[in-house]
Amino acid sequence: MTEMVFGTVPVRAGEPVLPRWWRTIDRWSLAGVLVLFGVGLLLGLAASVPLAEKNGLPPFHYVTRQAFFGGVGMVVMLVISMMSPDMVRRMGVIGFLGAFAALALLPVFGTDFGKGAVRWYSLGFASFQPSEFLKPCFVIICAWLMAAAQEINGPPGRLYSFFLAVTVVLFLAFQPDFGQASLILFAWGVMYFVAGAPITLLTVIGGIVVAGGIAAYDASEHFARRIDGFLASEVDPRTQIGYATDAIQSGGFFGVGVGEGTVKWSLPDAHTDFIIAVAAEEYGLILVLFIIALYALVTGRSLLRLMKERDPFTRLAGTGLACAFGVQALINMGVAVRLLPAKGMTLPFVSYGGSSVIASGIALGMLLALTRSRPQGRLHDILIKRGR
Amino acid sequence: MTRIPLRPLARILSARAKGENPDVIERENIRQRHEEMRDRSRAMAEGRLLLLCGAFLAVFGVVAAQMGFLAASEPAEPVSAQSGSAIVAQRADIVDREGRILATNLVTHSLYAQPPQMVDPVGSAEKLAAIFPDLDAERLKKDFTGKRKFLWVKKKISPEQMQLVHEIGDPGLLFGPREMRLYPNGAIASHVLGGASFGREGVRSAEVVGTAGVEKTFDTWLRDPANGGAPLQLSLDLTVQSTVEDVLYGGMKLMNAKAASAILMDVHTGEVVAMASLPDFDPNTRPAPLLKGNPGDSPLFNRAVQGVYELGSTFKVFAVAQALELGLVNPDTLVDTQSPMVWGKYRIRDFHNYGKQLTVSDVIVKSSNIGTAHIALMLGGERQQQFLKSLGLFDPTAVELAEAPTGRPLLPKRWSEISTMTISYGHGLSASPLHLAAAYATIANGGTRITPTLLKTDRRQEGERVISEGTSREILDMMRAVVSRGTASFGEVQGYSVGGKTGTADKAKPTGGYYKDKVIATFASVFPTTAPKYVLIVSLDEPVETSGDEPRRTAGWTAVPVGAEIIRRAAPLLGLRPELEQLSQAEVIRVRN
């Protein structure tokens, strides 16, 4: 395995851990994540009050809970971001085994909290969703497999990773949790794309998807009606989407005022899936654009930094993590603005959810660890090439 | 196991020939190829990552643009921040014929509670119960500490009460503005006005809907913003109404009656100038309807419109008028009054025995049942029914009160000859005092049909002709004689030439038959008879006049003095000038000194 991480470990004799971390970390992305978490707490002050009131708890019960779990998540993120890519890979693989076991045992020990899908373990004081933790670990193990495939005489890692992806997706689809399944599939696809998927294959897959969609639209009336319903400009104001749209519209550019919003009282998922609607109503377009900019900043900067990365594993793993993060945010906000059909997907770091924020902390910690600037052997390359 | 060829074969073979270790060469080769491959894949990945990054930024941009587009557009659906459609609160005033306010609106407040916001639910409940004695402290405590999120405490509170509630200082006690219906004159004209209560209620406003009387009849009109705030003008005259109610109340007490009603109507326009029914109520605090007992005993019951009674001898005028109109008799025709009159198994008696014969005029003046029954036999049932129907005595009055349709006259099931005879003197047919007023107005105004109305109008009614003007005049003279020398002698009011007819009807028992000592005494009067202008009906329920040796119940002793007092006081208010007969005495006598 030594070859795989050749030249990636920065060695500066005698440099302490923390200064080195501070020198090499992507400080903009780190700041972005921390600000996102802060915004999440701010919105939680408004959005989680109705839920607390409904459950007969003090109004800011869920805010303090989120602050606690978020604090844990932030610490986890910082600790993981100090690890070396090797360490991240090892932890990721071990974590994957654990998370996958937890996922597989869900039908036995899990609970559905009356929501119809068995996705959680109830720990009494908190609940725990294995698929949230499985996601970053899956990205790591797939990146490892794909990177190994790039070795000469290496194993057929891409095929293995494909089978792994299909297995995980099937498990998730059985819960059912199509949102997480599609995220897993998307992360695998992006990594495969960056790992060098043949253009012909991509073209063929794209063609099949388009043709299949058209065929399904023509053949299945049910499918067609759903698509038409989504594409229709009119929206029933009593649906979740209707409330969210109404909230965004009444918020306007500067919002109706802090705490003045009404959508949080009407929407049961205002503190999780539709928190962006609360933000739009109370703080207006300003805050929404700021949140979008933060997600774009973290995703974009990570991808740009990974362009310089020489190590295939680091590059692939980083790509998968950054894209999963960005896409999750995109899907959540796309639903709120009616660009996508309704899908339960949290907004990372902003939505309420203890296990969600810790899992996001793990994923972003790994991403930050992988995007740290390292000597990329540029001088070495130049010398070798000149020598050739 | 697939065999991997040694590469580069040429160098390895030559190295082997030189005895060097070919593995080093192969490893070096592998390392070089690996480097190249990594460079290639990195170059490709670099491009693809840039593509990905661009795609992400583009999609983030699309989401942001859509957000901006939505934020810039106005909410098409009603904004959820507003609570439903606004309730139109402004209700038009009701005024009398001179424009004086009978009903108007007052901005007040309702008190409601949001227990989750309350600081001290138990203490607040106790303080509220102290401010509003009708509230139950225990009940409030239960409500405030229970699961309720919202409850109305009081629908209407005064500014003083609001201040006291403010002083409790509990943030969970809140006020909503209310437009409240106010009847500034209290109980005056209560039965005409009816009442109003809250319909749909929101926190910010509540709908006021009419529940009875003209408030209910004209509810839509009063609430219609298209009227531009124009008030509803009634035909009532507030001062006359007040006078009538005052005098009627005094008369009711004096005559020991349990209830009374009075109607003052313009004989030409059909306008009801005053209408009273006692006992009455205050429409500001409208009492609840009776749950048991006779609803006719409730103060809410409008005796003048809803109550139908056998009105006794006041009906004799109709029989005589028809007989005159048909030319069967003239005022001086002698009619058999031999008492008792026996008809099959029935015996008809008069209050006094009037001898063998009376003129038609005296039948009215002395109020002979037997004489009227003989006249009715001349008419026959068929013609009698037609005539009474043309006077409007067969159908509910069309007056603009929500309760009017319930005042449906009671007619005999079979109109036999004995019915014809009894109805001619007012037994066997029940009608409301308002029916009587309209019928008398019809006879007094020269003979055209009058429909009663509560709305002010300046036009004389051009109803169908029921009797000729000549008959009308003859009847008026008879009615004048009833007052000047007949049963209603206490009805004389100097200068106003009052005419009328008394009626004393035994009250029917609910079990059948008639009470011996319970009557309804009615005085139907017209004034002035020289040029009729108003009809006044006064009806007392179970009056007893006890100043004499024995209790007197006849209308002449009970209803007539009350009616006369009403005329004495109301006529000047109505703008009528007394016609003093002995003008010569008032002449200035010039004396020589």
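**Chain A, chain B and the sheet in chain B**

Chain A is built from 18 helices and two strands; helices here are DSSP runs of H or I with at least four residues, strands are runs of E with at least two, and both are numbered from the N terminus. This is a predicted model, in which local features need pLDDT of at least 70 and side-chain atom pairs count only at pLDDT 80 or more, while totals for chains, interfaces and linings use all residues. Residues are numbered from 1 along each chain as its sequence is written, and chains are lettered from A and ligands numbered from 1 in the order in which they are written.

A residue is buried if 20 or more other C-beta atoms lie within 10 Å of its own, exposed if 12 or fewer, and partly exposed in between, with C-beta atoms placed from the backbone. For contacts in chain A with a separation of 6 or more, 71% come from residues 24 or more positions apart; a contact means that two C-beta atoms, placed from the backbone, lie within 7 Å.

Now for where the chains meet. Chain A puts 46 residues into the contact and chain B puts in 36. On the side of chain A that touches chain B, helix 15 of chain A gives the most, with 12 residues. That side of chain A divides into 27 nonpolar, 16 polar and three charged residues. Here Ala, Val, Leu, Ile, Met, Phe, Trp, Tyr, Cys and Pro count as nonpolar, Asp, Glu, Lys and Arg as charged, and the others, Gly among them, as polar.

Chain B holds an open sheet of five strands in the order 9-8-18-17-16, with antiparallel pairing; strands pair if DSSP finds at least two bridges between them. Strand 9 and strand 16 (499–508) of chain B are the edges, each pairing on one side only. Strand 8 (residues 259–266) of chain B runs antiparallel to strand 9 of chain B, joined to it by six bridges, and S261(B) has S277(B) as its bridge partner in strand 9. Five residues lie between these two strands in their hairpin, where G270(B) takes a positive phi near 75°. Strand 8 also pairs with strand 18 (residues 534–541) of chain B, antiparallel again, over eight bridges, and there M265(B) stands opposite V535(B).

Is strand 9 of chain B buried or exposed? Seven of the seven residues of this strand (residues 272–278) are buried, so it is largely enclosed by the rest of the structure.

Helix 16 (residues 469–485) of chain B lies across strand 16 and strand 17, at about 75° to strand 16. Axes are lines fitted to C-alpha atoms, for helices over the stretch in contact, and angles run from 0 to 180 degrees between N-to-C directions.

Elsewhere in chain B, helix 12 (residues 369–379) is mostly covered, with nine of its 11 residues buried.
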